[in-house]
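Please keep the sequence and the structure at hand while reading.

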Amino acid sequence: MKLYFIPFACSLATRIAINEAELDAEFVQVTPGQPLPDGRDFASVSPMGYVPAMEAGAVTLSEGPAVLTYIADLAAEGVLAPAPYTAERYELTKWLNFISTEIHKAVFAPLMTGRSNEGAREWAKGQADKRFGLLSAHLDGRQFLLDQFSVADAYLLAVLNWCEFAGIDIAQWPVLKDWRAAMRQRPSVAAAMATEMPLREAA
Ligand SMILES: N[C@@H](CCC(=O)N[C@@H](CS)C(=O)NCC(=O)O)C(=O)O
C-alpha cells in the first residue's frame, strides 16, 4: 500500500493509524504543484490534488475518512475501528464526518489559506466556538472519541495540531488542550510526529 502525504497535513492521521496497527505502508511525499517522484501527476491518484490518498493493488482512494476506514479495516478488529455493523461503528463514521466537514474545512481551511480575508477568518473563528465546545464537552472525562482509540482520534489530533498555526488559542478549551497533549504522548502519535517534523522543516 502506498500512502500519499504532506508533512503535518491531515494525512498525518494515516501515518498514526499505520503505526498504531503496525501495518506496512510506503509513504510518498507530495509537493503541491510538482509531479510525484515517479513522474506522474498527483491528480491521477487524487483528483482534487488532496492528501491523504492511497493506492493498494486495484484500489485507489482519496478523501481522509475513506482512506482511514480502509486502513482500519486492514488492521486487527478493534485496533483502529469498532466492528462493522455495530452502533459504535456508525459513531466512528459520525466523528470522521464531523472532523472533516465541521472542523477541518469549516474552521481550519479558511484560517490556513493565504487566500483568505479578514471576514472569512472571523467567520471561521466564530465557527470554532460551537464546534470546539461540542468536542470539549464530549471529551471531558474521556480518553478517546469512542470507547477505545480509533482513526477518528488520529484525525482529530492531526487537525488540532494546527491550532497555533491557524491562530486558535486551544487553551480556551482546557479539555482539548489536555487531550491533545495526552494524545501526543501515545507512541503511534509521537513516532508519526517525529517522522514528519524534519520533513516539514525541510519542505
Ligand atoms: N476533502 C479532503 C480534504 C483533504 C485536504 O484538505 N488535504 C489538504 C491537506 S490537510 C491538501 O492536500 N492540500 C493540498 C493542496 O490544497 O494543494 C479529505 O477529506 O481528505
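The model is a predicted one, and the distances and areas given here are computed from it.

**Placement of the ligand**
- The ligand sits in the largest pocket.
- Because domain 1 (2-77 + 189-202) and domain 2 (87-186) both give residues to the shell around the ligand, the ligand lies between these two domains.

**Make-up of the shell**
- The ligand is surrounded by 15 residues, and the closest of these are Cys10, Val51, Glu63, Gly64 and Lys105.
- Sorted by class, the shell around the ligand consists of nine nonpolar, four polar and two charged residues.
- Two helices, α2 (64-74) and α3 (87-112), each contribute at least two residues to the shell around the ligand, and the largest share, three residues, is supplied by α3.

**Contacts with ligand oxygen atoms, and burial**
- From the backbone, an N or O atom of Val51 lies 2.8 Å from an oxygen atom of the ligand, while a backbone N or O atom of Gly64 lies 2.7 Å from an oxygen atom of the ligand.
- From a side chain, a polar atom of His104 lies 3.4 Å from an oxygen atom of the ligand.
- Considered alone, the ligand exposes 510 Å², and the protein buries 77% of that area.

Methods:
Residues are numbered from 1 along each chain as its sequence is written. This is a predicted model: local features need pLDDT of at least 70, side-chain atom pairs count only at pLDDT 80 or more; totals for chains, interfaces and linings use all residues. Side-chain values use heavy atoms; hydrogens and water are left out. A residue is near a molecule or strand if one of its heavy atoms lies within 4 Å of it. A polar contact is a pair of N or O atoms within 3.5 Å; within protein, one must be able to donate a hydrogen and the other to accept it, and residues adjacent in sequence count only if both atoms are side-chain atoms. Accessible areas come from the Shrake-Rupley method with a 1.4 Å probe; for residues, only the protein chains shown count as cover. On a 1 Å grid over the protein atoms alone, a cavity is a set of points where a 1.4 Å probe fits but cannot get out, and a pocket is an open set with protein on both sides within 12 Å along at least five of seven lines; lining residues have an atom within 4 Å of a point. A molecule sits in a cavity or pocket if more than half of its atoms lie within 2 Å of its grid points. Helices (H or I, at least four residues) and strands (E, at least two) are DSSP runs, numbered from the N terminus. Ala, Val, Leu, Ile, Met, Phe, Trp, Tyr, Cys and Pro count as nonpolar, Asp, Glu, Lys and Arg as charged, and the others, Gly among them, as polar. Domain bounds come from an automatic or database domain assignment.
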